[in-house]
Amino acid sequence: MQQKMIRVWDPLVRIFHWSLVASFFVAYLTEDDWMTVHVWAGYLIGGLVAIRILWGFVGPRYARFSDFVRPPGEAIAYLKDELAGRARRYLGHNPVGGAMVVALLLSLSLTISSGLIVYGAGECSGPLANTLCGSGGWLAEAGEETHEFFANFTLFLVVLHVAGVVLTSLLHQENLVRSMIDGRKRSAVG
Ligand code: HEM
């Protein structure tokens, strides 16, 4: 039977996603030797995350937080069903995917904020330079620890995120990565 395809991910969500993937890996891989590239990739991530959070309130149905942020109990129940191979299919993010989106956006925000603190307090550069320059080495050091922790924590979340995408694609016999490229999914739910 020919399945009807419908548009689920709008262009902003798709451009956001693949720009985020590219800028996250550039930022992650350049932190030691390419500080200028690292900082600009970080600014880009900050801008993308800010736009996506705004879009979560004003964007179309499947982009909205109200469509995919569910109570923790629902996410845990969904995870159990998913691991047992009987989770129901969602057109937008499922409850675990929704929790992961929030976790990723939060972890990225904390990585970016602590990066701005390190840059301002430690290097007297960036948008916080005037406020933080000369505030003492302790702030730069605390910022550094926090920045490193959340960058690595984000990477850990990304590994889980990609594993979730693969598992859900197999379970429902659909290619979720392709949907994040062309925006389309088959309409039948179940
Ligand atoms: C090559 C690696 C990646 C692949 C294949 C991938 C794939 C996907 C797919 C298929 C979705 C949609 C999930 C669904 O259908 O519910 C998604 C959503 C998402 N991914 Fe990834 N992803 C990757 C890497 C990343 C990275 C590195 C980040 C962040 C650092 C990230 C952050 C997100 C976010 C925030 C969403 C939600 C999109 C939105 O609603 O705006 N992904 N990803």
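Helices (H or I, at least four residues) and strands (E, at least two) are, in this talk, DSSP runs numbered from the N terminus. The structure before you is a predicted model, in which local features need pLDDT of at least 70, side-chain atom pairs count only at pLDDT 80 or more, and totals for chains, interfaces and linings use all residues. Residues are numbered from 1 along each chain as its sequence is written.

Let me begin with the overall architecture. The protein chain contains 8 helices and 2 strands, arranged along the sequence as β-α-α-α-α-α-α-α-α-β. Its C-alpha trace spans about 65 × 30 × 30 Å along the principal axes. Of the 190 residues, 23% are buried, a residue being buried if 20 or more other C-beta atoms, placed from the backbone, lie within 10 Å of its own, exposed if 12 or fewer, and partly exposed in between.

I turn now to two loops. Gln173 lies in the loop between H7 and H8, and its phi is near 50 degrees, a positive value in a residue other than glycine. Is Gln173 buried or exposed? Gln173 is exposed, because 8 other C-beta atoms lie within 10 Å. In the loop between H5 and helix H6 (129–132) we find Cys124, which is not a glycine either but has a positive phi of about 50 degrees. Cys124 counts as partly exposed because it has 15 C-beta neighbours inside 10 Å.

Next, a helix pair. The axes of helix H2 (residues 35–58) and helix H5 (residues 95–123) come within 10 Å and cross at roughly 140 degrees; axes are lines fitted to C-alpha atoms, for helices over the stretch in contact, and angles run from 0 to 180 degrees between N-to-C directions. H2 and H5 are therefore oblique to each other, since angles under 35 degrees count as roughly parallel, over 145 as roughly antiparallel, 65 to 115 as roughly perpendicular and the rest as oblique.

Finally, the ligand. Which residues come nearest to the ligand? Of the 20 residues around it, they are Phe24, His93, Gly97, Leu176 and Met180, where a residue is near a molecule or strand if its C-beta atom, placed from the backbone, lies within 6 Å of it. Helix H1 (11–29), H5, helix H7 (137–172) and helix H8 (176–182) are the elements that give two or more residues to this shell. H1 gives the most, with 6 residues.
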